[in-house]
Structures are given as structure tokens and as C-alpha cells.
Amino acid sequence: MAVRKPPITTREYWVPGHAACAGCGCAVALKLATKAFSEAMEEKYGDPNAFAIAQATGCMEVVSAVFPYTAWKAPWIHVAFENAAAAASGVEAAWKKLGRKGKILAIGGDGGTADIGMQALSGMLERWHNVVYLMYDNEAYMNTGIQRSSSTPYGAWTTTSPPGKYSIGEDKPKKWVALIAAAHQVPYVATASIGNPFDFVRKMKKAAKVDGPAFVQVQCTCPTGWKSPLEKGVEIARLAIETGIWPLFEIENGDFHNIKIQAPGGGAKVKREGGKIVAIEFKKPIEEYLKLQGRFKHLFKKPEAIDVMREQIKAMWKVLGVEVTLPKPGE
Amino acid sequence: MPIRKVMKANEAAAWAAKLAKPKVVAAFPITPSTLVPEKISEFVANGEMDAEFIKVESEHSAISACVGASAAGVRVFTATASQGLALMHEILFIAAGMRLPIVVAIGNRSLSAPINIWNDWQDSISERDTGWLQFYAENNQEALDLILAAFKVAEDERVLLPAMVGFDAFILTHTVEPVEIPDQEVVDSFLGEYVPKHAYLDPARPITQGALGFPAHYMEARYTVWEANEAAKKVIDEVFEEFEKTFGRRYHKIEEYKTDDADIVLVTMGSLAGTVKEFVDKKREEGVKIGAAKITVYRPFPVEEIRALAKKTKVLAILEKDISFSIGGAVFADTSRALINEKEKPVVLDFILGLGGRDVTFENLEEIVSIAKKAIDGGVEEEVYWIGLRKEIL
């Protein structure tokens, strides 16, 4: 009888027993990321376990290592909120002196990366440590109870960006840390999503295999903070890709002229020139993504705010070198 | 054979680091400590030191990288001062709580505002509750010696705590003195290899470090840091004894000077101890029964040694370059705490001086002695004496 090879290793490094919320998209991201890392280490060094993890304070840290328990089957350290990249630098330096082959995986949420950990991240990238930094982006400070971060998208409700008489909710566009990371001209930067696990795993493996620093920003859904149905996490993440909200791209060596864009699917029409995607005509309106999440509920009473969001998304794609058209509902 | 070289305390600290052979050094420049990482960079660049030197973007990342490297199981060193140490503050607790024997050289400097690059002890004194061991050097030789001793104490399995070694900004950091540099082989055998049993990030035996401690466990974790500090008292005595046997120089947690028949003992730390000892000699010639005591180890606080000293004298005058506002000096507070339940105790006086590089002169010390003399008969006029204060500009 033919046995199908599983699409990814059955080895587990992030194991059951952690205390993440039901439906947590970030837990999915860490499970896949560590499996991808293991495959990459096996292929590169012949040792699937040749990695250690340095993780910032945040949801995935507090749920995974509650003394005397741990959900980690890899060597793992947590130091503080803003310094996962710096701690990873130290671990990497020590490994170098110990003559140990392998790679360090630094993990931080969007708050620990885009805000309080920005400086340490920049330092780590610039010093060219052999570290992959994984930013799991659930788009707010979820561990402290849903406060806005600079990675929170325009219009979103959080406890510190509540909609009100004088507020639309979060009033600034999302800050894209992947672009900032790429400006360091490091070998590899990518965005990914739990809505496309094959793409995410491929990118994590590529990041793990390059010599030098790499950065991956993965969108992961947070039913608690997004006020979304527990069972729809992956569906929502996929809609983010298919509506143009979440671009999937890769930037190597800071080459902004040759950004690799992944086709979004969802019926979107893609135009290529010389093999490069230069325009995307999305077919699904962003409302399909927004309407599944309570954090955007108030926007449907102010549809002009959703148009503002569309303009911001177009501007973001333009930075990536792609002209996009975004339909309105019914178009 | 040991060699003698004329050098600044910063260079002595870099030499100590070179001799201790840390595998990772992560440092950020700050006056007055900058020469330490500069010199270490040179040692690394010339192949005289086999360390990874991480040129971090802040002191916060310096100590964070040190924590990461130490947790991975290697010997680690850094240097800083003042604002830099304050920026490390958050991570200092973590280094102690995770029981990582990192050694940090401190060029003791004041804290802003106003910004001031000169000497006092406010930077490291303010970190007294972090769980770190604290040593204070009187001169450049002591800076080198105490860093070596600090590594040995910190890495002892009964202790496993980080340590800072302070030496006064400019007075020592930038002043040249002859320093004996011990032989590498002798230092190697004194320190040995650091192979921790509790901290490693090894894929062959994965462990979790830095876990969340719920109320059911947190207090016990803190208690183990208390126990380690208590254990360090004995370990420091042993290490100082071994240090003497190995290198020929004797250290004590508190070094007493002409205290046996002293009515007044001036207690201080760092380079000020040198000035005070010279002053004691002068006063002895004048027939004044006065002595000095230098606190070399401030954390763990040498409670027993303070009690023994207190039995010998009528007045303990604490001379210190730091202030805990509304209370007084930290060394004074700690000394008072050590004596509070003693049946008989001397008068303890609190003198704040030398802040932000203000010179401490013999005139200042004369004033202190006259205040101390009055206090013998019960005349303590002020809770805290600010010495050398320019009242005319207030």
C-alpha cells in the first residue's frame, strides 16, 4: 500500500499543553515555523534539531512556558519584552565560539517587534547575526488585553483605539516592519500568513537556510482580539491575502527593484512583465475580510472609512511596485 | 612571571577580561568606561583575545546579549557606567533571577540630571536590590584583581550570580598607576573553565530558560537569590584566601585600617579609601584616635564584619557618594540595619560627599572628624550631613 509522505515533518517542537486561546492563529504559526526550521536544519546540517529559540515576552511566551511546564522541545530562552533580537545575538555569538552548527530563531509579536523591540531588531540585522527573526503579527498588544501597536491596521478597534464620536478607531495606517527589515539589505525578508501554510513553510525554510540574518512577518489571526469566530482563523487569514489586505512578498538583499510577489489567489487577475507581478486586479472586496471581525464592525456605519483603507492599501502595494485595483462590494 | 605595566583602571579591567577569557563580550560606549571595550576590541583585532565582540546598539542590548550568551553556557563580560547601567536596570534583575554569572566592570559615575560625567557611586548603588554581587576597587590593581575574583565567586556553584566591579570615574578610570598583570597560566588555573550545569542552550538536551513564575513559585525563586547572596559571603572569603595564595594580594570584604583603638572610624568605599587612610595617618600623628574601614564587597553586604567593626569604636562615620532622597546614604542605611538589634552600638553618622566629581579634601575630612567628636558626647545635630556643599550658590 502506498503511504503518502506528510507535507511537513511529524517532528514537534511546540507541543500540546500550552495555554493559548482556542482558535489562536499564532499557535499555528509557531508550530509550522518550528517544523519548517527543523526541516531546513536537517537539509542544511544533517541535524533536524540544530536550532535554539530566543523569544520576546508576549502571548506565545506566557502560554508556552509556565513553570514547571514547558511546551518547547527545543532549547528555548525568554529574557524580556524588547530584547529577543539582542538575546538571540548573544546566543548566536556563544554558539559560534562553542563551534556549534545551526541557526537561532528569534520570535516576537508585533508589539515586541514593531514597537518596543525595533531598536534591538535593527541592531541584530545590521550586525549580521545568523538569526531568523519571526514576527508573529496579530496586530495589537494581545497579551496585555488588546491595545494598539504600530502594526494595528487603520480602522481597527482596540482598547486604546476605541471608535467614538471623535474616533474612527485606529487612525494610522499599519507600519510594515518587513519593509524596514529589508532596508537593512539583509539576505532574506518575507511576509507570510497562516492563510497560506505552504508558502509560510517554504519561506521559513528559506530564511533558516540563508547565511546571515533573515526576517519573516507572519500574519496570524487572534479571535480574542479581533472578535472573530474561533473556527474561522485560517479562512480570515486567507481572505486577507485574497482581498489585498495582506501582501505576500520576498525581498532579498534589500533589492526593492526585484521584490518577489506571490499571486494572491481568490480569483484576482495578475499582470506580469518580465516574470514580475506589476499589477493585480482583486476580485474580492476587503469588506469580505472586515465583516468577519468584530474589530472592524463599526466601520460598516462609516463606509467612507473603508474607502480610506482602500487608498492606504493601494499606496502600500505601490511601494511594492504593484498597481492594484480593489473592488467595492457588488462591483 | 607577572609583568608590571603603567595603566588606567579601564585598561586594567580590559586586561582582567583578557585574562579571564570570556567567549562573548557585548558592549556599548559610555564615558568614562569606553576605553574598556576599545581595549578589548584591540585585543580581539590582534588575535590576543579569542572572544566574540558584539558591537551592540545600546547598553540594554549589551546586557541582553550577555544574558543570551551566558544562558548558552559561556563566560561573558561587559563594561558600562551611569546612564548605561541605568538602561540595563531591567535586565539586571533577569540576569540574577536566571542565575547567570555575568561580570560587568563599572566606571562609577553620577546619574543625570544634570548630566555629569564625573565620579560618584549612584549608578551601581542604585542597583543594590537587583541580586548582583558588588565589588568596589580602591585603585587600578584592585580593579584588575577584583574582576578576576568576581568571576570566580560568580561562577561558584554555591553562588551563580552576576557581579559588578566598580572603580571611580576619572579618579581611576583615566588615571595611570602601575599594575601587576598576572601570568595567563596562573589565571587559567585560578578560574578554570566555566562549564555550567544549569544554563545551556543545547539541542542535544533542550531546556526552557526564563519561564513564567506564578505566585506558587515566584517567591521561592526570589528566595534562592537571597540564599545565593548569603552563600556568597563564605565563598568570597574562600576566594579572597585563594587569591592571596595565588597572586599574593590579600582582600577582605571590609578592610580595616588602624581601627583597634579608634574612637572614630571613617567608613567608605572606592578610591576615597586611599584619601581617608592618608588622612588617618595625619590625624594619628596629631594624637587623634581614628581609623578607617573600606567596604570592598557591598553586596552581599558584610553584616558580620560591620558588627565586629562596630564593637571597636564609638563612632562609625559613613562617607558616601550616593543619596537615597529623604533617607540619606545607602551605605549608612545598610550599616544601620546591620546594627539595629545590637545591644551596644556606636553612633552612626551619615556624610554625603563627592557627588558628581566634587573633590573630597582633607578640610572636608577635618569637618567630619569634628562632627564625629561632638557626636561621642551625644551631639548629633543633623540626620544627614552634606559635606562640601557650596551653600553660597544655593
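Which residue stands opposite A:G108 in β4(A)? The residue is A:M135. The model is predicted: local features need pLDDT of at least 70, side-chain atom pairs count only at pLDDT 80 or more, and totals for chains, interfaces and linings use all residues. Residues are numbered from 1 along each chain as its sequence is written, while chains are lettered from A and ligands numbered from 1 in the order in which they are written.

Chain A has 11 helices and 13 strands. Helices (H or I, at least four residues) and strands (E, at least two) are DSSP runs, numbered from the N terminus. The radius of gyration of chain A is 19 Å, close to the 20 Å that the globule rule gives for 331 residues, so chain A is as compact as a globular protein of that length. This radius is taken over C-alpha atoms, and the globule rule is 2.2 Å times the number of residues to the power 0.38. The C-alpha trace of chain A spans about 60 × 50 × 50 Å along its principal axes. Of the 331 residues in chain A, 56% are buried. A residue is buried if 20 or more other C-beta atoms lie within 10 Å of its own, exposed if 12 or fewer, and partly exposed in between, with C-beta atoms placed from the backbone. Contacts in chain A were also sorted by sequence separation. Among those between residues at least 6 apart in sequence, 68% join residues at least 24 apart. Two residues are in contact if their C-beta atoms, placed from the backbone, lie within 7 Å.

An open sheet of nine strands runs in the order β10(A)-β9(A)-β7(A)-β8(A)-β4(A)-β3(A)-β1(A)-β2(A)-β9(B). Its pairing is mixed. Two strands pair if DSSP finds at least two bridges between them. β10 (260-261) of chain A and β9 of chain B stand at the edges, each with a single partner strand, so one side of each is left without a neighbour in the sheet. Within the sheet, strand β3 (residues 103-109) of chain A and strand β4 (residues 131-137) of chain A run parallel, joined by six bridges. Helix α7 (residues 197-209) of chain A lies across β3, β4, β7 (188-193), β8 (214-219) and β9 (249-251) of chain A. This helix runs at about 160 degrees to β7(A). Axes are lines fitted to C-alpha atoms, for helices over the stretch in contact, and angles run from 0 to 180 degrees between N-to-C directions.

The sheet also links the two chains. β2(A) pairs with strand β9 (residues 208-209) of chain B in the parallel sense, over two bridges. Here A:I77 stands opposite B:Q209 in β9(B). The contact between the chains takes 38 residues from chain A and 37 residues from chain B. On the side of chain A that touches chain B, the elements giving two or more residues are β1 (51-55), β2 (76-78), α3 (84-98) and α5 (118-126) of chain A. The largest share of this side, 12 residues, comes from α3(A). By class, the side has 24 nonpolar, 10 polar and four charged residues. Ala, Val, Leu, Ile, Met, Phe, Trp, Tyr, Cys and Pro count as nonpolar, Asp, Glu, Lys and Arg as charged, and the others, Gly among them, as polar.

Chain B is assigned domain 1 (3-247) and domain 2 (254-393). These bounds come from an automatic or database domain assignment. The centres of the two domains of chain B, taken over C-alpha atoms, are 28 Å apart. In chain B, 28 residues of domain 1 are in contact with 20 residues of domain 2. On the domain 1 side, α5 (122-125), β6 (133-136), β7 (163-168) and α8 (215-247) of chain B each give two or more residues. The largest share of that side, five residues, comes from α8(B).

Most residues other than glycine have a negative phi, and most peptide bonds are trans. A cis peptide bond joins B:S112 and B:A113, with omega about -5 degrees. The bond from B:A113 to B:P114 is cis too, with omega near -5 degrees. B:A113 lies in the loop between β5 (103-108) and α5 of chain B. Phi is positive at B:K21, near 55 degrees. B:K21 is found in the loop between α1 (9-20) and β2 (24-27) of chain B. B:K21 is partly exposed, with 19 other C-beta atoms within 10 Å. Phi is also positive at B:L160, near 50 degrees. B:L160 is buried, with 22 other C-beta atoms within 10 Å, in the loop between α6 (140-155) and β7 of chain B.
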